[in-house]
Amino acid sequence: MNIRDFRSDMDEMLQALLLFWIPVSMVPLGVWYSLTSSPLRGRFLAFTGIVLICLSPWTVPSSPSSAAGHLLGAVIGPCMLIVLGIYLISFSGNVSVGKLPRSDRKIGVLMAAVGFAWLAGMHWWILTPQIAPDEVNPYWNVFWPTFLLLTSCLASCSAVTLLMIGEQRKTESNIMFIVSAFSFTLLLLGLNLDGPLVNAGEFRQHLWLAVADMAGIAIGSILSILVFALVIYTYERNLPDPESITPPTDSELKQVSSLIATHLGGEEE
Amino acid sequence: MKESNVVFTWRMMLLAFLIPPLLILAIEVTFFGEFKGLDSGVSFTRFANATLTAFTLCSLFLLGNLFFYGESRNRPLAPLVGMIMATGFGVLATVFLIGQGPMLLEDNGSVRAQAIYNIVHMFVSSGAILLSLCVALGATFSAITSQKQRSSFELEDE
């Protein structure tokens, strides 16, 4: 199909709907479908949705939303490397179920390190996602500070949790403090070292915006969950009391006693 | 664990979560004497837009969950109507507040453009949040599984 001809015939809003928003909706729909009825079809639907979103900068270049598709295409590689790397590290350790060979640990560490280096290269090297020459993808400025700050916060929280709730988890807690410190160091570097396309001042502005964004997301989500709880509570409270049933008769009690008697005791070993 | 200990643990965990941004604030104030790069107006706009969008999208997600809840309750309509109203309230509040003027408009020219931008922005932020959750939880799990296996019962070792 000739994308250029197809594009010129359609209204811009319709293009965005067909080539960006419908693929976006295919992802949760596919996940839901794979969990409830057909895993294979659901995964295919979600995968097709992700591919179409990644292609949106070429299929709907007129839509500003396609920059999100561009970012997804740019970060999906390092993110997958990090997630798969952590999976390999975790399951090549002392786990009871699904244990992987010990050698996978080194591969996992390498994959996670390459993933992080790739993401860092997007800020301080030539790998920055650009929607046009020398024009940084605006959503990269949302993604990167949010990821660094939240990773540092969560790792720090996890370290303290291991210390306070876990027993003899000092080593594990120290590892999590190192993860938090690593992420925090990247944040500090971002605040002080210019990249080729993103300077420290811009990063600082976007960091504060990320803080405002996360606070807003937290408050909005909590409000929504409270409303949901209130709706369920109100409904359950207004339900009529369940009907009382008559007490068991003598014959029913005898039957129950005989059943219990047959299941009590046991053979001597 | 005593109740006072539980409260203390929760407070410590919350403090640990807040330490990185607090440290950055402390460093900023120490070296620059101000919160350099912080524009309270722009930050408030982002905060308000994020709150409204998160409320609406989260309500929509929970509305979907009500279908599963309904399966065990003979499919009641009342909670469904309640959550539809909550979602509708979120949409109307977003449209109304953005339409009031430049207060909630970022670099967008219309209510529709701002609303769409909010949703896409939320997807990107959610992606970053999801990845950091994966990294933090995965690293915790990796740290635990990398240690020598411990026995829960002392008798087993004897």
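Helix axes here are lines fitted to C-alpha atoms over the stretch in contact, and the angle between two of them runs from 0 to 180 degrees between N-to-C directions. The model to which this applies is a predicted one.

In chain A, helix H7 covers residues 170–192 and helix H8 covers residues 200–237; they pack with their axes 6 Å apart, at an angle of about 125°. Angles of 65 to 115 degrees count as roughly perpendicular and those over 145 as roughly antiparallel, and H7(A) and H8(A) are therefore oblique to each other. On the H7(A) side the contact is made by A:Gly190, A:Leu191 and A:Asn192, which meet A:Ala200, A:Phe203 and A:Arg204 of H8(A). Sorted by class, this contact of H7(A) with H8(A) holds three nonpolar residues, two polar ones and one charged one.

The next subject is the contact between the chains. Chain A contributes 61 residues to it and chain B contributes 60. On the chain B side, the elements giving two or more residues are helices H1 (3–32), H2 (40–71), H3 (78–99) and H4 (111–145). H4(B) supplies the largest share of that side, with 23 residues. By class, the side of chain B that touches chain A consists of 38 nonpolar, 19 polar and three charged residues.

Chain B itself is divided into two parts: domain 1 spans residues 1–38 and domain 2 spans residues 39–147. Taken over C-alpha atoms, the centres of domain 1 of chain B and domain 2 of chain B are separated by 25 Å.

Note on methods: Residues are numbered from 1 along each chain as its sequence is written. Chains are lettered from A and ligands numbered from 1 in the order in which they are written. This is a predicted model: local features need pLDDT of at least 70, side-chain atom pairs count only at pLDDT 80 or more; totals for chains, interfaces and linings use all residues. Helices (H or I, at least four residues) and strands (E, at least two) are DSSP runs, numbered from the N terminus. Angles under 35 degrees count as roughly parallel, over 145 as roughly antiparallel, 65 to 115 as roughly perpendicular and the rest as oblique. Two residues are in contact if their C-beta atoms, placed from the backbone, lie within 7 Å. Ala, Val, Leu, Ile, Met, Phe, Trp, Tyr, Cys and Pro count as nonpolar, Asp, Glu, Lys and Arg as charged, and the others, Gly among them, as polar. Domain bounds come from an automatic or database domain assignment.
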